[in-house]
Amino acid sequence: MAENAPFDPYESIRYIPAQYTYEDSHNSALNLILTLRPEWRDTKDTIEFVRFTDGITNTLLKAINKQPGLSKADIDNEAILLRAYGKDTEVLIDRKKETSSHCLLARHGLAPALLARFDNGLLYKYVQGTVCSPADLRRPSVWRGVAQRLGEWHATLPIASISTTCPTPSQVAPLPHKRASLVAMADLTPGSPIPNIWTTMQRWIELLPTSTTPQLDRRTLLSQELKWLVAQLGNTPGVGGSSPFVFAHCDLLSGNVIIEPSPTSTSASRRSSASSSSNASDPNPTSSSVSFIDYEYATPAPASFDLANHFAEWGGFDCDYSVLPTRSTRRAFLREYLYSYCGHGGRPYKESELEELCKQVDAFRGVPGFYWGIWALIQGEISLIEFDYKGYAEVRLGEYWGWKREVGGGGGGEKGVRERRWAEE
């Protein structure tokens, strides 16, 4: 490396020139683990793999070495997570950016240590705790913990390490050999950090198939809708007028939230008492300590998108709209989030900022359906996983169209279950 060359977190991670293969799962995983931990070779007969199936894109295995005499805590302390990428998911996800994001998070104590990368995945330290279910996300102690942790993310993580500044159209024009993607991004979000949530959707739309007239018509329609969305929401300011973009997780589904072991759950402070004032049945609220995993979709985005996207995940992959947070619960969550955001940012909490944030999250409630609808259309073309991606795409895009009808952007019809639930007090 040349002297004074900029630090590249991706290149700093150990690289193992090997692959995990789905057809020979055990042996390929074992080879990776033993390459990372050669001291386990003499006890390889006690190595076991626990498969997690909370996601619908990647393979996640927990490698443990159950050597005699070790307690469960000792075994878990040495456990390794192996995450292998789904087939062709690199068309959706920038794996180098994902690894750089993981490194940044680890430096801030917000992610487990990244141990190595291999041809189609990552090896990192096991995060002790319990993986959430959608029902767990709805427990007050858990959602308070999620709100606090997300406030810390948004207040402290710099986006400069995962983005550059998008040129304006006039800056792109004189550049020789300019890439079509750069021209498109300059037209969509000039002067903003790139990539960002809007340019990610732009790139995904360009990947959609166009071999039939209906496919081409849909891609054209989605491209038009994205431009409309950016015009409506692209300049949404951050908390207190701060930057419109934060370091956003963008995939806070239940399987990516880990409830850390007790006794890290603590009695809630004054802010939790305030945030739960509408819940008389919970006079002594507590907050679970949680951590977030899987950063493949992390990118600069409006905080309101990350928040609205998390609320959508309360219904799980089944999209059970009847259990989404009501207005009062969202307000309590966002108050908890703001106390954390302001505390980690070294600024006072202001109730007026809560009012504004509630309005912004309301405005963004249809965007997650648009985002994951496009994603699912692509997954339906490339994934080998047995999941009805195409049906899921229609459900999620239906959320977007239902929201757009409500905000007067076109169409008619009766208010859907999701919009009715969102409007409940």
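Modeller: Glu-98 and Arg-83 are both buried. Please bear in mind that this is a predicted model.

Colleague: What do the side chains of Glu-98 and Arg-83 form?

Modeller: They meet in a salt bridge, with N and O 2.1 Å apart. Glu-98 belongs to helix H4 and Arg-83 to strand E4 (residues 80–84), so the pair ties together parts that are 15 residues apart in sequence.

Colleague: How many salt bridges does a search of the whole structure find?

Modeller: The search finds 28 salt bridges. One of them joins Glu-355 and Arg-331, whose closest N and O atoms are 2.4 Å apart. That pair links distant parts of the chain, since Glu-355 is in helix H14 (residues 351–364) and Arg-331 is in helix H13 (residues 327–345), 24 residues apart.

Colleague: Why does Glu-355 count as partly exposed?

Modeller: Glu-355 counts as partly exposed because its relative accessibility is 34%. Arg-331 also counts as partly exposed, at 26% relative accessibility.

Colleague: Which side chain of opposite charge is nearest to Lys-97, then?

Modeller: That is Asp-94, at a distance of 6.2 Å. Leaving aside residues up to four places away in sequence, Lys-97 touches Ile-162, Pro-195, Ala-298 and Thr-299.

Colleague: Changing topic: why is helix H9 largely enclosed by the rest of the structure?

Modeller: Helix H9 spans residues 197–207, and eight of its 11 residues are buried, so the rest of the structure largely encloses it. Among the buried residues are Trp-198, Met-201 and Trp-204.

Colleague: What lies within 2.8 Å of the backbone nitrogen of Trp-198 at the start of H9?

Modeller: A side-chain oxygen of Asn-196 reaches that close to the nitrogen.

Colleague: Now the strands. How many residues of strand E5 are buried?

Modeller: Four of the five residues in E5 (residues 114–118) are buried, and the strand is mostly covered.

Colleague: In which sense does E5 pair with strand E1, and in which with E6?

Modeller: E1 (residues 15–16) pairs with E5 in the parallel sense over two bridges, and Tyr-15 has Arg-117 in E5 as its bridge partner. With E6 (residues 121–125), E5 pairs in the antiparallel sense over four bridges. There, Leu-114 has Tyr-124 in E6 as its bridge partner. E5 and E6 form a hairpin, with two residues between them.

Colleague: And for the protein as a whole, how many helices and strands are there?

Modeller: There are 17 helices and 15 strands. Of the 425 residues in the protein, 53% are buried. The protein exposes about 18,900 Å², of which carbon and sulfur atoms supply 51%.

Colleague: What share of the contacts with a separation of 6 or more is between residues 24 or more positions apart?

Modeller: Such residues account for 72% of those contacts.

Conventions: Residues numbered from 1 in each chain as written. Predicted model: local features only at pLDDT ≥ 70, side-chain atom pairs only at ≥ 80, totals over all residues. Heavy atoms only, no water. Buried < 20%, exposed > 50% of the residue type's maximum accessible area, 1.4 Å probe, protein only. Polar contact = N/O pair within 3.5 Å; in protein donor to acceptor, adjacent residues only side chain to side chain. Contact = heavy atoms within 4.5 Å. Areas by Shrake-Rupley, 256 points an atom, 1.4 Å probe, with all protein chains shown as cover. Lys, Arg positive; Asp, Glu negative; His and termini not counted. Salt bridge = Lys/Arg side-chain N within 4 Å of Asp/Glu carboxyl O. Pairing = 2+ DSSP bridges.
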